[in-house]
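Trainee: I would like to go through this model by asking about its contacts. Please show it first.

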Amino acid sequence: MSTRPITVCGAAGGIGQPLSLLLKQSDLITDLALFDIVNAPGVAADLSHINTRSTVTGYGKDEMDAALKDAHTVVIPAGVPRKPGMTRDDLFKINAGIIRDLAEGVARNCPDAFVLVISNPVNSTVPIVSEVLKKYNVYNPKKVFGVSTLDVVRASRFISEVDSNINPKSTRVTVVGGHSGVTIVPLLSQIPGQKFTEEQVKALTHRIQYGGDEVVKAKAGAGSATLSMAYAGARFTNVVLEASVNGKTGIVESTYVNLLADAESTKAFHAKTGLDYFAQDVEFGPEGVAKILPLPAVSDHEQGLLDEAYTELKANIEKGTKFITEPE
Ligand code: NAD
Ligand code: LMR
């Protein structure tokens, strides 16, 4: 059990509220700190009546430092979501500054915290967090994650809709790359015993890559995925806590990380692609990333998807990095 706070930034939002509700149910958390620029004390008061062990405290607009003080883990779903017709990259203009300010708060108040970034565009917001922490000399690439779990959750669900023998709860799909459109690369060839036709693979791949758009379209201007994201965010937070607080070993989950988190195993991949960040299956340990697992042998179709992903990822990473290293 963590004796230090688990802080949710953006806790009163569409993701923040259900995510905090799910985290309130964790026995690994004793202190849940909710920060938002609006309504965090109200959400905290509400959740604090639930009969689990953790205490819940809300922090308003001017209380970011107090909310982050000595945090063990910081989960960040703060910022604006998409509307129909927008790409995730369109959110950069607003969300980049929000993430930079929160990362500075982390550097000042909890420099050794695990930082779990949900806010989009994840491909760029994770480099922003890394560069801020580097500026403060507190960067540990093993502890900064882009939460791409929703892609994995969707992949498990969508394949089970095509093959009813698949149990979506117990079938994990490796999804690599990043978290937007063509950068999301599901490796369906790796599912043991799968017999999808070429057509099914193409349709499933497209649905997993653009699952976010399905929700944005259905919500028709009222935002993007919140409930499935809260589920995915809680699942990923629990992975980090199980490994770091509970000492559980061998847990594998896909996440978007700086390849420096395991420079030795990713050296050849980095040399080949020039990428600094990539979502890949990661084995977790007490200090975060224990190992970045190697990319498995992929199909020709998947290799084509990967090549396309590399180009866009590189641009997304550069944009996030330069926002801090070369501010306008
Ligand atoms: P939302 O607008 O419902 O909630 C965002 C919350 O952030 C609001 O309560 C707002 O007050 C708060 N906020 C804004 N600026 C803040 C700041 N400086 N400090 C603290 N809190 C601040 O949006 P949402 O639907 O919860 O989505 C949040 C983000 O998550 C979006 O960027 C969205 O694109 C992203 N998202 C990511 C994934 C993923 O898979 N990684 C999935 C869904 C959504
Ligand atoms: C998602 O995948 O649902 C999120 O990244 C939100 C979005 O903008 O699609």
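Trainee: Leaving aside neighbours within four places in sequence, which residues are in contact with His 179?

Mentor: First, the ground rules. This is a predicted model, where local features need pLDDT of at least 70, side-chain atom pairs count only at pLDDT 80 or more, and totals for chains, interfaces and linings use all residues. Residues are numbered from 1 along each chain as its sequence is written, while chains are lettered from A and ligands numbered from 1 in the order in which they are written. Contact means that two C-beta atoms, placed from the backbone, lie within 7 Å, and for His 179 the partners are Val 122, Asn 123, Gly 146, Ser 148, Asp 151, Ile 184, Tyr 256 and Ala 279.

Trainee: Is His 179 buried or exposed?

Mentor: A residue is buried if 20 or more other C-beta atoms lie within 10 Å of its own, exposed if 12 or fewer, and partly exposed in between; C-beta atoms are placed from the backbone. His 179 has 27 such neighbours inside 10 Å, so the residue counts as buried.

Trainee: Where does His 179 lie, and which feature does UniProt place there?

Mentor: The residue lies in the loop between strand E7 (175-177) and strand E8 (184-186). Helices (H or I, at least four residues) and strands (E, at least two) are DSSP runs, numbered from the N terminus. UniProt positions are given in the numbering used here, feature names are shortened, and annotations may be inferred rather than shown by experiment. At His 179, the unreviewed UniProt entry places the feature "active site".

Trainee: Leaving aside neighbours within four places in sequence, which residues are in contact with Arg 88?

Mentor: Arg 88 sits in the loop between strand E4 (73-76) and helix H4 (92-109). With 26 C-beta neighbours inside 10 Å, Arg 88 counts as buried. Its contacts are Arg 82, Asn 120, Pro 121 and Ser 180.

Trainee: And which residues are in contact with Asn 120, on the same terms?

Mentor: Asn 120 is in the loop between strand E5 (114-117) and helix H5 (122-135). It has 27 C-beta neighbours inside 10 Å, so it counts as buried. Outside four places in sequence, Asn 120 is in contact with Arg 88, Leu 91, Asn 95 and Thr 125.

Trainee: How are H6 and H9 oriented to each other?

Mentor: Axes are lines fitted to C-alpha atoms, for helices over the stretch in contact, and angles run from 0 to 180 degrees between N-to-C directions. The axes of H6 (residues 149-162) and H9 (residues 227-244) come within 8 Å and cross at roughly 110 degrees. Angles under 35 degrees count as roughly parallel, over 145 as roughly antiparallel, 65 to 115 as roughly perpendicular and the rest as oblique. H6 and H9 are therefore roughly perpendicular.

Trainee: How are H1 and H9 oriented to each other?

Mentor: H1 (residues 16-24) packs on H9 at about 40 degrees, with the axes 8 Å apart. That makes H1 and H9 oblique.

Trainee: Which residues make the contact between H1 and H9?

Mentor: From H1 come Pro 18, Leu 19, Leu 22 and Leu 23. From H9 come Leu 227, Ala 230, Tyr 231, Gly 233, Ala 234 and Thr 237.
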